[in-house]
Amino acid sequence: MSPRRISKTIKIGSVTVGGGAPVAVQSMTKTDTRDVKATVRQIKQLEEVGCEIIRVAVPDAAAARALVDIKKRIKIPLVADVHFDYRLALAALEAGADGLRLNPGNIGEADKVKKVALAAKERGVPIRIGVNAGSLPKTANKKLNTAERMVAAALEHVKLLESLDFDLIKVSLKAFDVPTTIAAYRAIAEKVPYPLHIGITEAGTPRTGIIRSAVGIGTLLWLGIGDTIRVSLTAPPREEVAAAYEILKSLDLRQRGPVLVSCPTCGRAEADVVKLAQAVEKRLLKIDKPIKVAVMGCVVNGPGEAKDADVGIACGKGKGVIFKRGEKVAVVEEKDFLEALMREVEGV
Ligand code: SF4
(Lines give C-alpha, C1' and ligand atoms only; values in the text may rest on other atoms or scores of the structure.)
Protein backbone atom coordinates (compact mmCIF):
# COMPACT_ATOMS: atom_id res chain seq x y z
CA MET A 1 0.00 0.00 0.00
CA SER A 2 1.34 3.47 -0.86
CA PRO A 3 2.13 5.82 2.00
CA ARG A 4 -0.75 8.16 2.74
CA ARG A 5 -0.69 11.48 0.99
CA ILE A 6 -0.22 14.12 3.66
CA SER A 7 -2.55 17.04 3.07
CA LYS A 8 -3.25 20.23 4.95
CA THR A 9 -5.37 19.75 8.04
CA ILE A 10 -8.86 21.10 8.57
CA LYS A 11 -11.26 20.73 11.48
CA ILE A 12 -14.90 19.92 10.92
CA GLY A 13 -16.14 20.74 14.40
CA SER A 14 -14.11 18.48 16.68
CA VAL A 15 -12.97 16.10 13.91
CA THR A 16 -9.58 16.57 12.26
CA VAL A 17 -9.53 15.76 8.55
CA GLY A 18 -6.29 15.41 6.62
CA GLY A 19 -2.69 15.72 7.65
CA GLY A 20 -2.40 12.02 8.41
CA ALA A 21 -5.36 11.95 10.85
CA PRO A 22 -7.40 8.71 10.83
CA VAL A 23 -9.65 8.53 7.76
CA ALA A 24 -12.95 9.96 9.04
CA VAL A 25 -16.24 8.16 8.32
CA GLN A 26 -19.21 10.23 7.33
CA SER A 27 -22.75 9.79 6.13
CA MET A 28 -25.74 11.83 5.08
CA THR A 29 -29.23 11.80 6.56
CA LYS A 30 -32.13 10.62 4.41
CA THR A 31 -34.82 12.43 6.35
CA ASP A 32 -36.46 15.77 5.57
CA THR A 33 -34.10 18.14 7.38
CA ARG A 34 -37.06 20.32 8.36
CA ASP A 35 -38.34 17.37 10.40
CA VAL A 36 -35.97 17.95 13.30
CA LYS A 37 -37.22 14.98 15.35
CA ALA A 38 -36.75 12.41 12.58
CA THR A 39 -33.41 13.89 11.53
CA VAL A 40 -32.03 13.90 15.08
CA ARG A 41 -33.28 10.32 15.57
CA GLN A 42 -31.40 9.20 12.47
CA ILE A 43 -28.22 11.05 13.45
CA LYS A 44 -28.31 9.46 16.92
CA GLN A 45 -28.54 6.01 15.30
CA LEU A 46 -25.53 6.93 13.16
CA GLU A 47 -23.56 8.14 16.17
CA GLU A 48 -24.17 4.72 17.78
CA VAL A 49 -22.51 2.92 14.86
CA GLY A 50 -19.51 5.25 14.76
CA CYS A 51 -20.40 7.90 12.17
CA GLU A 52 -18.04 10.81 12.78
CA ILE A 53 -19.40 13.60 10.58
CA ILE A 54 -22.99 14.00 9.40
CA ARG A 55 -24.21 15.94 6.40
CA VAL A 56 -27.77 17.11 5.93
CA ALA A 57 -29.45 18.51 2.83
CA VAL A 58 -30.44 22.16 3.08
CA PRO A 59 -32.91 22.66 0.23
CA ASP A 60 -34.67 25.73 1.64
CA ALA A 61 -34.68 28.38 4.35
CA ALA A 62 -36.77 26.25 6.74
CA ALA A 63 -34.17 23.46 6.51
CA ALA A 64 -31.41 25.98 7.24
CA ARG A 65 -33.31 27.21 10.30
CA ALA A 66 -33.80 23.61 11.50
CA LEU A 67 -30.03 23.24 11.79
CA VAL A 68 -30.08 25.29 14.99
CA ASP A 69 -32.20 22.71 16.82
CA ILE A 70 -30.55 19.71 15.20
CA LYS A 71 -27.12 20.87 16.22
CA LYS A 72 -28.13 21.30 19.85
CA ARG A 73 -29.22 17.69 20.08
CA ILE A 74 -26.38 15.80 18.40
CA LYS A 75 -22.76 15.14 19.28
CA ILE A 76 -21.04 14.85 15.90
CA PRO A 77 -20.17 17.75 13.57
CA LEU A 78 -22.88 18.89 11.19
CA VAL A 79 -22.24 19.71 7.53
CA ALA A 80 -24.81 21.62 5.48
CA ASP A 81 -25.22 20.50 1.87
CA VAL A 82 -26.28 23.40 -0.29
CA HIS A 83 -27.21 23.55 -3.96
CA PHE A 84 -28.22 26.47 -6.15
CA ASP A 85 -28.77 29.20 -3.56
CA TYR A 86 -25.80 30.78 -1.85
CA ARG A 87 -28.15 32.47 0.65
CA LEU A 88 -28.89 29.02 2.09
CA ALA A 89 -25.17 28.54 2.70
CA LEU A 90 -25.09 31.86 4.55
CA ALA A 91 -28.14 30.83 6.59
CA ALA A 92 -26.55 27.46 7.44
CA LEU A 93 -23.43 29.22 8.68
CA GLU A 94 -25.61 31.49 10.75
CA ALA A 95 -27.33 28.41 12.20
CA GLY A 96 -24.00 26.98 13.36
CA ALA A 97 -23.04 24.44 10.66
CA ASP A 98 -19.54 23.01 11.22
CA GLY A 99 -18.92 22.57 7.51
CA LEU A 100 -20.42 23.45 4.16
CA ARG A 101 -20.61 21.43 1.00
CA LEU A 102 -21.18 23.38 -2.17
CA ASN A 103 -21.39 22.17 -5.69
CA PRO A 104 -19.63 25.01 -7.50
CA GLY A 105 -21.22 23.93 -10.75
CA ASN A 106 -24.63 25.03 -9.58
CA ILE A 107 -24.04 27.78 -7.04
CA GLY A 108 -23.71 30.42 -9.72
CA GLU A 109 -21.48 33.45 -10.13
CA ALA A 110 -18.13 33.81 -8.44
CA ASP A 111 -19.52 36.75 -6.52
CA LYS A 112 -21.94 34.52 -4.65
CA VAL A 113 -19.28 31.96 -3.81
CA LYS A 114 -17.21 34.88 -2.51
CA LYS A 115 -19.90 35.99 -0.08
CA VAL A 116 -20.12 32.45 1.32
CA ALA A 117 -16.34 32.12 1.59
CA LEU A 118 -16.03 35.34 3.54
CA ALA A 119 -18.75 34.31 5.99
CA ALA A 120 -17.18 30.85 6.42
CA LYS A 121 -13.77 32.37 6.98
CA GLU A 122 -15.12 34.61 9.70
CA ARG A 123 -16.36 31.52 11.54
CA GLY A 124 -13.45 29.23 10.70
CA VAL A 125 -15.80 26.80 8.93
CA PRO A 126 -14.37 24.63 6.13
CA ILE A 127 -15.97 24.37 2.72
CA ARG A 128 -16.00 21.21 0.67
CA ILE A 129 -15.86 21.88 -3.03
CA GLY A 130 -18.01 18.99 -4.12
CA VAL A 131 -17.73 18.38 -7.84
CA ASN A 132 -20.09 15.82 -9.32
CA ALA A 133 -19.65 14.35 -12.80
CA GLY A 134 -23.39 14.83 -13.35
CA SER A 135 -23.41 18.57 -12.74
CA LEU A 136 -20.28 20.01 -14.29
CA PRO A 137 -20.33 23.70 -15.20
CA LYS A 138 -21.78 24.40 -18.65
CA THR A 139 -18.58 26.24 -19.51
CA ALA A 140 -16.48 23.06 -19.12
CA ASN A 141 -14.07 22.39 -21.95
CA LYS A 142 -15.72 19.70 -24.09
CA LYS A 143 -12.36 18.49 -25.41
CA LEU A 144 -11.41 17.17 -21.98
CA ASN A 145 -12.64 13.83 -20.70
CA THR A 146 -14.99 13.69 -17.72
CA ALA A 147 -12.26 13.21 -15.10
CA GLU A 148 -10.27 16.11 -16.55
CA ARG A 149 -13.35 18.33 -16.60
CA MET A 150 -14.08 17.47 -12.98
CA VAL A 151 -10.53 18.38 -11.99
CA ALA A 152 -10.67 21.63 -13.98
CA ALA A 153 -13.96 22.60 -12.27
CA ALA A 154 -12.51 21.89 -8.83
CA LEU A 155 -9.30 23.80 -9.55
CA GLU A 156 -11.24 26.82 -10.70
CA HIS A 157 -13.09 26.98 -7.41
CA VAL A 158 -10.01 26.23 -5.35
CA LYS A 159 -8.38 29.21 -7.08
CA LEU A 160 -11.36 31.40 -6.32
CA LEU A 161 -11.34 30.48 -2.63
CA GLU A 162 -7.58 30.92 -2.44
CA SER A 163 -7.86 34.35 -4.01
CA LEU A 164 -10.04 35.26 -1.03
CA ASP A 165 -7.30 34.02 1.27
CA PHE A 166 -9.55 31.08 2.21
CA ASP A 167 -7.79 27.75 2.68
CA LEU A 168 -10.13 25.70 4.88
CA ILE A 169 -10.83 23.63 1.82
CA LYS A 170 -11.73 20.02 1.22
CA VAL A 171 -12.33 18.66 -2.25
CA SER A 172 -14.41 15.83 -3.65
CA LEU A 173 -14.73 14.69 -7.24
CA LYS A 174 -17.39 12.03 -7.42
CA ALA A 175 -18.70 10.07 -10.34
CA PHE A 176 -20.74 6.90 -10.64
CA ASP A 177 -18.07 5.50 -12.92
CA VAL A 178 -15.26 4.03 -10.82
CA PRO A 179 -12.31 4.49 -13.25
CA THR A 180 -13.37 8.14 -13.85
CA THR A 181 -13.52 8.76 -10.11
CA ILE A 182 -10.12 7.19 -9.53
CA ALA A 183 -8.54 9.16 -12.39
CA ALA A 184 -10.00 12.43 -11.12
CA TYR A 185 -8.79 11.93 -7.54
CA ARG A 186 -5.33 10.82 -8.64
CA ALA A 187 -4.97 14.00 -10.67
CA ILE A 188 -6.29 16.40 -8.04
CA ALA A 189 -4.19 14.74 -5.31
CA GLU A 190 -1.09 16.02 -7.07
CA LYS A 191 -2.44 19.46 -7.80
CA VAL A 192 -3.78 20.71 -4.46
CA PRO A 193 -2.56 20.43 -0.87
CA TYR A 194 -6.05 20.04 0.61
CA PRO A 195 -7.71 17.02 2.22
CA LEU A 196 -9.86 14.89 -0.05
CA HIS A 197 -13.31 13.54 0.68
CA ILE A 198 -13.67 10.38 -1.38
CA GLY A 199 -16.60 8.30 -2.52
CA ILE A 200 -18.47 6.88 -5.47
CA THR A 201 -21.67 8.78 -6.05
CA GLU A 202 -25.08 7.20 -6.60
CA ALA A 203 -23.41 3.85 -6.13
CA GLY A 204 -26.72 1.98 -5.92
CA THR A 205 -28.37 -0.54 -3.64
CA PRO A 206 -26.21 -2.37 -1.06
CA ARG A 207 -25.57 -5.35 -3.33
CA THR A 208 -23.86 -3.36 -6.06
CA GLY A 209 -23.19 -0.11 -4.22
CA ILE A 210 -20.96 -1.67 -1.60
CA ILE A 211 -18.91 -3.41 -4.30
CA ARG A 212 -18.54 -0.25 -6.40
CA SER A 213 -17.62 1.76 -3.32
CA ALA A 214 -15.20 -0.85 -2.03
CA VAL A 215 -13.42 -1.00 -5.39
CA GLY A 216 -13.33 2.78 -5.89
CA ILE A 217 -12.68 3.93 -2.34
CA GLY A 218 -10.48 0.92 -1.63
CA THR A 219 -8.29 1.57 -4.67
CA LEU A 220 -7.85 5.23 -3.76
CA LEU A 221 -7.02 4.42 -0.15
CA TRP A 222 -4.56 1.82 -1.37
CA LEU A 223 -2.92 4.58 -3.40
CA GLY A 224 -2.67 6.67 -0.22
CA ILE A 225 -5.46 9.04 -1.31
CA GLY A 226 -8.44 10.00 0.86
CA ASP A 227 -8.91 11.71 4.20
CA THR A 228 -12.60 11.13 4.81
CA ILE A 229 -15.02 8.73 3.15
CA ARG A 230 -18.68 8.41 2.49
CA VAL A 231 -20.22 5.28 1.05
CA SER A 232 -23.41 6.32 -0.82
CA LEU A 233 -26.06 3.63 -0.77
CA THR A 234 -29.74 3.45 -1.57
CA ALA A 235 -30.27 2.07 1.92
CA PRO A 236 -30.51 3.27 5.53
CA PRO A 237 -27.42 5.37 6.35
CA ARG A 238 -26.33 2.93 9.07
CA GLU A 239 -25.43 0.58 6.24
CA GLU A 240 -23.25 3.28 4.69
CA VAL A 241 -21.30 3.64 7.92
CA ALA A 242 -20.98 -0.13 8.38
CA ALA A 243 -19.69 -0.49 4.80
CA ALA A 244 -17.23 2.40 5.28
CA TYR A 245 -15.72 0.73 8.30
CA GLU A 246 -15.49 -2.60 6.52
CA ILE A 247 -13.50 -0.92 3.74
CA LEU A 248 -11.20 0.76 6.24
CA LYS A 249 -10.84 -2.40 8.33
CA SER A 250 -9.99 -4.50 5.30
CA LEU A 251 -7.05 -2.18 4.57
CA ASP A 252 -6.05 -2.01 8.25
CA LEU A 253 -6.60 1.75 8.23
CA ARG A 254 -9.16 1.80 11.06
CA GLN A 255 -10.36 -0.72 13.56
CA ARG A 256 -13.90 -0.62 14.83
CA GLY A 257 -15.95 -3.51 16.11
CA PRO A 258 -15.39 -7.17 15.31
CA VAL A 259 -14.25 -8.76 12.08
CA LEU A 260 -16.20 -11.88 11.19
CA VAL A 261 -14.37 -14.65 9.36
CA SER A 262 -16.78 -17.26 8.02
CA CYS A 263 -16.20 -20.03 5.56
CA PRO A 264 -18.23 -20.13 2.35
CA THR A 265 -19.34 -23.71 3.27
CA CYS A 266 -19.05 -26.62 0.88
CA GLY A 267 -19.97 -30.27 0.60
CA ARG A 268 -17.95 -30.95 3.75
CA ALA A 269 -20.01 -28.62 5.95
CA GLU A 270 -21.55 -30.44 8.85
CA ALA A 271 -23.79 -27.63 10.10
CA ASP A 272 -25.86 -24.76 8.70
CA VAL A 273 -22.96 -22.28 8.57
CA VAL A 274 -24.92 -19.66 6.61
CA LYS A 275 -27.61 -19.43 9.28
CA LEU A 276 -25.10 -19.45 12.12
CA ALA A 277 -22.82 -16.82 10.51
CA GLN A 278 -25.78 -14.53 9.82
CA ALA A 279 -26.98 -14.84 13.41
CA VAL A 280 -23.46 -14.17 14.73
CA GLU A 281 -23.06 -11.15 12.41
CA LYS A 282 -26.28 -9.65 13.75
CA ARG A 283 -25.20 -10.09 17.37
CA LEU A 284 -21.73 -8.67 16.65
CA LEU A 285 -23.23 -5.39 15.40
CA LYS A 286 -23.80 -4.41 19.02
CA ILE A 287 -20.18 -5.08 20.01
CA ASP A 288 -17.50 -2.38 19.87
CA LYS A 289 -14.40 -4.47 20.60
CA PRO A 290 -12.03 -4.88 17.63
CA ILE A 291 -11.90 -8.67 17.78
CA LYS A 292 -11.77 -11.42 15.18
CA VAL A 293 -14.51 -14.02 15.32
CA ALA A 294 -14.54 -17.14 13.12
CA VAL A 295 -17.43 -19.39 12.12
CA MET A 296 -16.20 -22.46 10.24
CA GLY A 297 -18.20 -25.33 8.81
CA CYS A 298 -16.15 -28.46 9.37
CA VAL A 299 -13.22 -30.07 11.06
CA VAL A 300 -10.99 -29.96 7.93
CA ASN A 301 -10.11 -26.26 7.64
CA GLY A 302 -12.26 -25.08 10.50
CA PRO A 303 -9.97 -25.52 13.49
CA GLY A 304 -7.06 -23.68 11.81
CA GLU A 305 -9.05 -20.50 11.13
CA ALA A 306 -11.03 -20.78 14.36
CA LYS A 307 -7.78 -21.03 16.34
CA ASP A 308 -6.37 -18.02 14.53
CA ALA A 309 -9.27 -15.82 15.64
CA ASP A 310 -9.84 -14.34 19.08
CA VAL A 311 -12.91 -16.55 19.33
CA GLY A 312 -13.96 -19.20 16.84
CA ILE A 313 -16.13 -22.21 16.30
CA ALA A 314 -15.37 -25.22 14.11
CA CYS A 315 -18.68 -27.00 13.58
CA GLY A 316 -18.70 -30.76 13.42
CA LYS A 317 -21.52 -33.26 13.13
CA GLY A 318 -23.96 -32.30 15.90
CA LYS A 319 -21.13 -30.81 17.94
CA GLY A 320 -18.80 -27.85 17.64
CA VAL A 321 -15.45 -26.96 19.12
CA ILE A 322 -15.02 -23.45 20.49
CA PHE A 323 -11.58 -21.86 20.51
CA LYS A 324 -10.50 -18.77 22.37
CA ARG A 325 -7.15 -17.19 21.49
CA GLY A 326 -5.96 -20.47 20.02
CA GLU A 327 -7.02 -22.68 22.91
CA LYS A 328 -9.87 -25.15 22.76
CA VAL A 329 -12.26 -24.03 25.50
CA ALA A 330 -15.46 -26.03 24.96
CA VAL A 331 -17.26 -28.66 22.95
CA VAL A 332 -20.92 -27.73 22.52
CA GLU A 333 -24.12 -29.23 21.14
CA GLU A 334 -25.44 -27.88 17.83
CA LYS A 335 -28.43 -26.17 19.49
CA ASP A 336 -26.00 -24.20 21.68
CA PHE A 337 -23.54 -23.06 18.95
CA LEU A 338 -24.72 -19.44 18.84
CA GLU A 339 -25.13 -18.78 22.56
CA ALA A 340 -21.90 -20.57 23.53
CA LEU A 341 -19.90 -18.66 20.91
CA MET A 342 -21.40 -15.30 21.94
CA ARG A 343 -20.71 -16.02 25.63
CA GLU A 344 -17.03 -16.37 24.77
CA VAL A 345 -17.11 -13.26 22.52
CA GLU A 346 -18.62 -11.21 25.34
CA GLY A 347 -15.97 -12.48 27.73
CA VAL A 348 -12.97 -11.48 25.57
S1 SF4 B 1 -14.19 -24.84 6.46
FE2 SF4 B 1 -14.86 -26.87 5.85
S3 SF4 B 1 -17.02 -26.57 5.34
FE4 SF4 B 1 -16.11 -24.58 5.35
S5 SF4 B 1 -15.56 -24.28 3.21
FE6 SF4 B 1 -13.75 -25.04 4.26
S7 SF4 B 1 -13.79 -27.25 3.90
FE8 SF4 B 1 -15.86 -26.44 3.44
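Some ground rules. Because the model is predicted, local features need pLDDT of at least 70 and side-chain atom pairs count only at pLDDT 80 or more, while totals for chains, interfaces and linings use all residues. Residues are numbered from 1 along each chain as its sequence is written, and side-chain values use heavy atoms, with hydrogens and water left out.

I start with the sheet. Helices (H or I, at least four residues) and strands (E, at least two) are DSSP runs, numbered from the N terminus. Two strands pair if DSSP finds at least two bridges between them. Here 8 strands make an open, parallel sheet, in the order β8-β7-β6-β5-β4-β3-β10-β9. Its edge strands, which pair on one side only, are β8 (169–174) and β9 (197–198).

Inside the sheet, β3 (residues 24–28) pairs with β4 (residues 53–57) in the parallel sense, over 3 bridges. M28 stands opposite R55 of β4. Helix α2 (residues 61–72) packs on the sheet and touches β4 and β5 (78–82); contact means heavy atoms within 4.5 Å. The direction of α2 makes about 170° with that of β5. For such angles, axes are lines fitted to C-alpha atoms, for helices over the stretch in contact, and the angles run from 0 to 180 degrees between N-to-C directions. Helix α7 (residues 178–191) also packs on the sheet, touching β8 and β9, and its direction makes about 150° with that of β8.

Now salt bridges: a side-chain nitrogen of Lys or Arg within 4 Å of a carboxyl oxygen of Asp or Glu. The count comes to 25. In one of them, R101 meets D81, with the closest N and O atoms 3.1 Å apart. R101 is in strand β6 (residues 99–102) and D81 in β5, so the pair ties together parts that are 20 residues apart in sequence.

Are these two residues buried or exposed? Buried means under 20% relative accessible area, exposed over 50%, and partly exposed in between (1.4 Å probe, protein chains only). R101 has 6%, so R101 is buried; D81 has 4%, so D81 is buried too.

Another salt bridge joins R325 and D310, at 3.4 Å from N to O. R325 sits in the loop between β14 (319–324) and β15 (327–333), and D310 in the loop between α11 (302–308) and β13 (311–315), 15 residues apart. At 54%, R325 counts as exposed.

Last, R4, R5 and D227 are linked in a network of salt bridges.
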